[in-house]
Amino acid sequence: MSFAELGLSSKVLAAVEAAGYTNPTPIQAQAIPHVLQRRDVLGIAQTGTGKTAAFTLPMLTLLEKGRARARMPRTLILEPTRELAAQVQENFDRYGSKSGLSVALLIGGVSFGDQDAKITRGVDVLIATPGRLLDHVERGKLLLTGVELLVIDEADRMLDMGFIPDIERICKLVPFTRQTLFFTATMPAEIKRITDQFLHNPVQVEVSRPATAATTITQALVHTKSPPAEKRVTLRRLIRSAENLKNAIVFCNRKSEVAILHRSLVRHGFGAVALHGDMDQRARMAALESFRNGEMPILVASDVAARGLDIPDVSHVFNFDVPVHADDYVHRIGRTGRAGRSGWAFTLVSSADGKHVSAIETLTGNKIPFTGDPPPIEGDEEEEIHAKPRRGRRERGGKTEEPRQQGKGREARPSRERDEAPKAPRHEPQQAPEQRRPASSRPHRRDEDDGPVVIGMGDHVPSFLLTPIRRKSNG
Ligand code: AMP
């Protein structure tokens, strides 16, 4: 099937051609004709299947007729995260550059003022995260009574994030007669309930998971001791010994662990950025961009933050923690081995993780082999255990500093020299301002391995380092 057979307008077909797409993906071929016929669609598909274009292309075609009215968006797209919302906007920019349509983004971390002004003028497409959208509605700046088409994307992720009550509220604020396009990767009972309630006689289209256990991905388990500091040692060895490593996503189960691991990797000389829910929008976008453009080869992320992001060509995935939900494992490793390329997925496993590993193996139907311990690197463990306070860190306290600029094209694997003979400026942790909290609220020192911020000397410093200070003050 070709794009020309789907019923898209000539303008949209020209944009598709300009994007270099020759054939529609299965979800596009199945969904687009129904969207154009104004049917409700229940799409069971995850990211990587081309589902974003499956709704943006027919929407652009439908929107060519009609005009936006002040404060009353014509279409509304709900996304679980800011990054996904921004990605959808990019899709509209890419395919709709000649359409003259007005697209607005309502996401946290962006000032109300700019968004208000745009909405007041009238928008054809409003892309929003549920919380921010409801904020605007409550402030009386936005009316949902003109919405002709509603898209609910990544619904199962919305469920995981606790957005379902917001979604239900929004569905009641838009006209009953609107068209609804609903996308989800899985159909748990709660999602089924929502689709039964809010979709009218939907066409169901389903495409198989991409890269479930694609043969292009080599998977392995790596044994590790369970304390986080030990896991960080194992991870560093793995990264340093990994073959064909170009870039990597390291997944953690908790956002606090993302922040800690990120600081640790930076301190050890790796070019790493973090992506987690406590970062503000600007910092998230900057982190993502520096990973996408290759400036920073390692992205440390939580599942929620990384969900659905379009990051092409990742050579390695490292699961710092075994995911608690087996489904997340599939999503995580699906970040590599895309489009027939080779990919590697390593999962750190301690004795406490057996149950979760079994659940993953049951879901994927594959036994994942253990690989040998990564080779030790002299000096690495010692650095973990005898954390020395380094110049620059003590003074930093709660001061705010701008994130440091790093050169382009940093290596994924730092040289040993960089690890063993750190120079304070280069090893300053790279943090966006919002990641810095007052010293008192920072995680406990022992969890941050080799010495993040030392507040006063006290218990944190090995006694042999304190000795000269005492002598001086006594003398
Ligand atoms: P998505 O599932 O929407 O996140 O899309 C995944 C990737 O597929 C994106 O990089 C799109 O640009 C790309 N893509 C979407 N549709 C097509 C198509 N018909 N042919 C080739 N690539 C596509």
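**Exercise 1. Describe how helix α2 packs against helix α3 in this predicted model.**

Solution. 
Step 1, geometry. Helix α2 spans residues 26–36, and its axis comes within 9 Å of the axis of α3, with a crossing at roughly 30 degrees.
Step 2, orientation. Angles under 35 degrees count as roughly parallel, so α2 is roughly parallel to α3.
Step 3, handedness. The crossing in which α2 passes α3 is right-handed.
Step 4, residues. On the α2 side the contact is made by I27, Q28, A31, I32, V35 and L36; on the α3 side K51, A53, A54, L57, P58, T61 and L62 meet them.
Step 5, classes. Sorted by class, the residues of this contact are ten nonpolar, two polar and one charged.

**Exercise 2. Repeat the analysis for helices α3 and α4.**

Solution. 
Step 1, geometry. Helix α3 (residues 51–63) and helix α4 (residues 82–95) have axes that come within 10 Å and cross at roughly 50 degrees.
Step 2, orientation. The two helices are therefore oblique to each other.
Step 3, handedness. α3 and α4 cross in a right-handed sense.
Step 4, residues. From α3, the residues T52, A53, F55, T56, L57, M59 and L60 take part; their partners in α4 are V88, N91, F92 and Y95.
Step 5, classes. The contact of α3 with α4 holds eight nonpolar and three polar residues, and no charged ones.

**Exercise 3. Determine whether α5 is roughly parallel or roughly perpendicular to α6, and list the residues that meet.**

Solution. 
Step 1, geometry. The axis of α5 (residues 112–121) comes within 12 Å of that of α6 (residues 130–138), and the two cross at roughly 70 degrees.
Step 2, orientation. The range 65 to 115 degrees counts as roughly perpendicular, which means that α5 is roughly perpendicular to α6.
Step 3, handedness. α5 passes α6 in a right-handed crossing.
Step 4, residues. F112, Q115, D116 and I119 belong to α5 and meet R132, D135 and H136 of α6.
Step 5, classes. This contact of α5 with α6 comprises two nonpolar, two polar and three charged residues.

**Exercise 4. Locate R82 and list its contacts beyond its neighbours within four places in sequence.**

Solution. 
Step 1, location. R82 lies in helix α4.
Step 3, contacts. With neighbours within four places set aside, R82 is in contact with I107, G108, G109, T129, M279, D280, Q281, R284 and M285.

**Exercise 5. State what UniProt lists for residues 1–29 and describe that stretch in the model.**

Solution. 
Step 1, annotation. An unreviewed UniProt entry lists residues 1–29 as "short sequence motif: Q motif". The UniProt annotation "domain: DEAD-box RNA helicase Q", also from an unreviewed entry, covers residues 1–29.
Step 2, secondary structure. In the model the chain over residues 1–29 is 48% helix and 0% strand.
Step 3, end separation. The end C-alpha atoms of residues 1–29 are 7 Å apart.

**Exercise 6. Report the confidence of the chain and name stretches with pLDDT below 50.**

Solution. 
Step 1, average. The chain has an average pLDDT of 78, and 75% of the residues score at least 70.
Step 2, residues 210–214. Here the pLDDT is below 50, and the stretch has nine contacts in the model beyond near neighbours in sequence.
Step 3, residues 382–408. The pLDDT is below 50 over this stretch too, with 59 contacts in the model beyond near neighbours in sequence.

Note on methods:
Residues numbered from 1 in each chain as written. Predicted model: local features only at pLDDT ≥ 70, side-chain atom pairs only at ≥ 80, totals over all residues. Heavy atoms only, no water. Axes fitted to C-alpha atoms, helices over the stretch in contact; angles between N-to-C directions. Parallel < 35°, antiparallel > 145°, perpendicular 65-115°, else oblique. Left-handed = near helix turned anticlockwise from the far one by under 90°. Contact = heavy atoms within 4.5 Å. Nonpolar A, V, L, I, M, F, W, Y, C, P; charged D, E, K, R; others polar. UniProt positions renumbered as here; feature names shortened; annotations may be inferred. pLDDT = per-residue confidence, 0-100.
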